[in-house]
Amino acid sequence: MTIAVALIAAAARSSAAGSFDLIEPAPPPIREIEEVGASPHYYRLPPNTVGLLSRTTMGVHTRLTGEIDSAPALDLLVGASIRFGRDSALGIWIEGGYAVVRGREHLAVLGVGLARKKPGWMSSIVAVIPHVVAGTIDGESCLGLRTSVVLGLPGYLSLELAHQVAFVGDEPMHELHFGMSFPFVRGGG
Amino acid sequence: MRVLGLLALVGCGPSLTTLTKHHHYREAVCAAEDGSNDDRDHVRRALARDADVHVHVALIDEVHLSGVIGPHARELSRRMQLARIQLTTNTLPIDELSGSVDMLGDGKPLTSAVTWETLAAATGEKLPPKRTDSTYLTGGNFLRGVGVFFTFGMSLPFTRFRPQSYEVDAPHHEYERMAPLSTALQDAMHPRGCSPRRGRGGGIGLACTFYVAIDPTASDRDVRLEVEVAYLAKRDRRNEYDWRDERCRVQQRASIPLGRLRELDLRIARMFGPHERPRMRVLRELTFD
């Protein structure tokens with residue numbers, strides 16, 4: 001048996017030029033097709049122009065009374081961003097949710113604004129969002145407007161600076177709101 | 001086509017006709033994937049024209065086998081019919097290309113990949129058993145290492161790094177010793193697979209060599225050579241949470257009739273030439289779909 005295996009191995013080795021000696025066909029002429037002009041970059045962009053977003057911010061709410069009158073604030077917001085086309089950086093930002101200022105305010109928030117976010121990965125967001133706010137301030141019903149400017153790196157950090165004017169009865173109350181996203185802001189698309 | 005044309009009209013994106021005319025295939029492939037069947041057909045036709053896929057088939061008969069395994073060629077050629085199929089394309093401005101071939105007999109698979117097991121079954125040889133090896137480079141040990149790092153080594157006395165065993169092929173000399181015919185055949189079938197060919201302008205082309213084992217018992221079956229080429233373009237990430245490497249893909253298939261299996265050698269010689277003739281231009285004569 002060992003001899004037979006050795007003989008086969010020897011036969012294989014002796015004949016083993018290592019090739020079937022198939023005659024290679026003449027290679028076809030290979031052309032190099034090149035792009036004419038610079039390639040556009042549109043269809044490779046993600047086709048989704050709508051993305052969900054959620055924003056949880058913690059910060060400080062300050063009444064503009066001439067004195068230091070601040071309280072901690074928390075906003076819980078969800079919504080959507082809708083870009084004007086897959087290569088458009090501009091889009092609509094819609095969000096709504098609940099905002100609370102400790103010991104003072106409980107507000108329902110609904111905002112629709114404009115946002116600028118380059119499509120793709122790790123691009124910054126700038127958004128200007130007017131919000132309608134309704135709820136209670138110091139135990140009294142109110143209706144008002146919060147205009148926010150949001151700057152952020154989606155997924156990591158966002159900062160919000162807002163001016164809020166709320167009418168408690170006939171009296172306007174001006175406040176400044178500063179918030180930082182925690183744990184994240186998610187802006188789709 | 002109509003949908004993309006309409007979108008182009010309202011200024012959303014470049015027209016597909018412009019993309020293919022100027023060979024912007026990375027864009028065109030993604031446009032086709034997002035578009036309609038008409039869009040995909042348009043891009044396929046343009047790719048077929050520019051890729052100019054060439055195919056060549058050569059049967060490995062007893063004469064060829066005898067150059068590798070000597071007197072055992074006759075016996076082996078009765079049990080197995082080997083074929084070499086080559087596929088080449090032009091270089092195209094695309095991110096990836098892949099090619100595959102298969103033979104069908106009356107619509108059923110007729111070939112199998114040439115593996116150690118296939119060859120051993122045909123030569124009647126016994127293959128060396130796989131060996132067991134072990135490694136400490138495992139996901140579990142990585143996590144244990146992370147634990148040790150974040151506890152400043154305090155968890156080390158309670159952490160046991162464990163090896164994981166896995167099977168590996170026996171070394172080549174073991175195959176040579178136990179299965180010399182199979183080894184000689186395997187060694188003769190190099191190079192195998194597809195090697196991308198890079199163009200100067202960043203394009204990519206294919207040069208593939210496949211070996212298949214044809215079942216010689218199905219002599220009455222109508223044989224077709226199925227050729228598939230896939231063109232891929234990298235898509236940008238959807239958002240900051242998207243870690244996938246998404247690729248747009250357009251595929252082309254060609255089905256080349258090769259006649260009855262028992263007349264395969266004559267038909268292949270007629271279609272692809274007695275070796276010295278150039279490869280047949282499949283796309284020029286057959287329709288890819």
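What follows is a chat about a predicted model, taken one topic at a time.

Colleague: I'm new to this one, so how many helices and strands are there in chain A?


Modeller: Keeping in mind that this is a predicted model, chain A has 1 helix and 8 strands. Read along the sequence, the elements of chain A come in the pattern α-β-β-β-β-β-β-β-β.

Colleague: And how much of chain A counts as buried?

Modeller: Chain A has 189 residues, and 41% of them count as buried.

Colleague: Which residues form the nonpolar patch on the surface?

Modeller: The patch is formed by A:V126, A:V128, A:V149, A:L151, A:L157, A:L159, A:L161, A:F178 and A:M180, which together have about 720 Å² of accessible area.

Colleague: Which strand gives the most to that nonpolar patch?

Modeller: That is β7(A), with 3 residues, although β5 (125-137), β6 (140-153), β7 (157-168) and β8 (171-186) of chain A each supply at least two residues of the patch.

Colleague: Take A:M180 from that list; where does it lie?

Modeller: A:M180 lies in strand β8 of chain A, and with a relative accessible area of 41% this residue is partly exposed.

Colleague: Switching to salt bridges, how many does the structure hold over all chains?

Modeller: Over all chains the structure holds 23 salt bridges.

Colleague: Let's go through some pairs. What does A:E95 form a salt bridge with?

Modeller: The partner of A:E95 is A:R55, and the closest N and O atoms of the two are 2.6 Å apart. A:E95 lies in strand β3 (residues 90-101) of chain A while A:R55 lies in strand β1 of chain A, so this pair ties together parts that are 40 residues apart in sequence.

Colleague: Are A:E95 and A:R55 buried or exposed?

Modeller: Both A:E95 and A:R55 are buried.

Colleague: What about chain B, which residue does B:R247 pair with in a salt bridge?

Modeller: B:R247 forms a salt bridge with B:E96, with 2.5 Å between the closest N and O atoms. Because B:R247 lies in strand β11 (residues 247-260) of chain B and B:E96 in strand β3 (residues 96-105) of chain B, the pair ties together parts that are 151 residues apart in sequence. As for cover, B:R247 counts as partly exposed at 27% relative accessibility, and B:E96 counts as partly exposed at 29%.

Colleague: And what does B:E228 form a salt bridge with?

Modeller: B:E228 forms a salt bridge with B:R253, where the closest N and O atoms are 2.8 Å apart. With B:E228 in strand β10 (residues 222-234) of chain B and B:R253 in strand β11 of chain B, the pair ties together parts that are 25 residues apart in sequence. B:R253 counts as partly exposed, at 42% relative accessibility.

Colleague: Which residues do salt bridges with shared partners join into one network?

Modeller: That network is made of A:R63, A:E105, A:D138 and A:E175.

Colleague: Now the helices: at roughly what angle do the axes of α3 and α4 of chain B cross?

Modeller: The axes of helix α3 (residues 25-34) of chain B and helix α4 (residues 37-51) of chain B cross at roughly 150° and come within 8 Å of each other. That angle makes α3(B) roughly antiparallel to α4(B), since angles over 145 degrees count as roughly antiparallel. The crossing in which α3(B) passes α4(B) is left-handed.

Colleague: How many residues of α3(B) are buried?

Modeller: In α3(B), 8 of its 10 residues are buried, which leaves the helix mostly covered. The buried residues are B:Y25, B:R26, B:E27, B:A28, B:V29, B:C30, B:A31 and B:A32.

Colleague: Last topic, the backbone. What is phi of A:D21 near?

Modeller: Phi of A:D21 is near 55°, which is a positive value in a residue other than glycine. A:D21 has its place in the loop between α1 (2-15) and β1 (50-63) of chain A, and A:D21 is exposed, with a relative accessible area of 53%.

Colleague: And B:D52, is that one buried or exposed?

Modeller: B:D52 counts as buried, at 4% relative accessibility. Phi of B:D52 is near 50°, a positive value in a residue other than glycine, and B:D52 is found in the loop between α4 and β1 (54-60) of chain B.

Colleague: Which residues does the cis peptide bond join?

Modeller: A cis peptide bond joins B:H190 and B:P191, with omega about 0°. B:P191 has its place in the loop between α10 (180-188) and β8 (193-198) of chain B.

Methods. Residues are numbered from 1 along each chain as its sequence is written. Chains are lettered from A and ligands numbered from 1 in the order in which they are written. This is a predicted model: local features need pLDDT of at least 70, side-chain atom pairs count only at pLDDT 80 or more; totals for chains, interfaces and linings use all residues. Side-chain values use heavy atoms; hydrogens and water are left out. Patches are made of residues with over 30% relative accessible area and no salt bridge: like charges are joined within 9 Å, nonpolar side chains (Val, Leu, Ile, Met, Phe, Trp, Tyr) within 5 Å. Accessible areas come from the Shrake-Rupley method with a 1.4 Å probe; for residues, only the protein chains shown count as cover. A salt bridge is a side-chain nitrogen of Lys or Arg within 4 Å of a carboxyl oxygen of Asp or Glu. Helices (H or I, at least four residues) and strands (E, at least two) are DSSP runs, numbered from the N terminus. Buried means under 20% relative accessible area, exposed over 50%, partly exposed in between (1.4 Å probe, protein chains only). Axes are lines fitted to C-alpha atoms, for helices over the stretch in contact, and angles run from 0 to 180 degrees between N-to-C directions. Angles under 35 degrees count as roughly parallel, over 145 as roughly antiparallel, 65 to 115 as roughly perpendicular and the rest as oblique. A crossing is left-handed if the near helix is turned anticlockwise from the far one by less than a right angle, and right-handed if clockwise.
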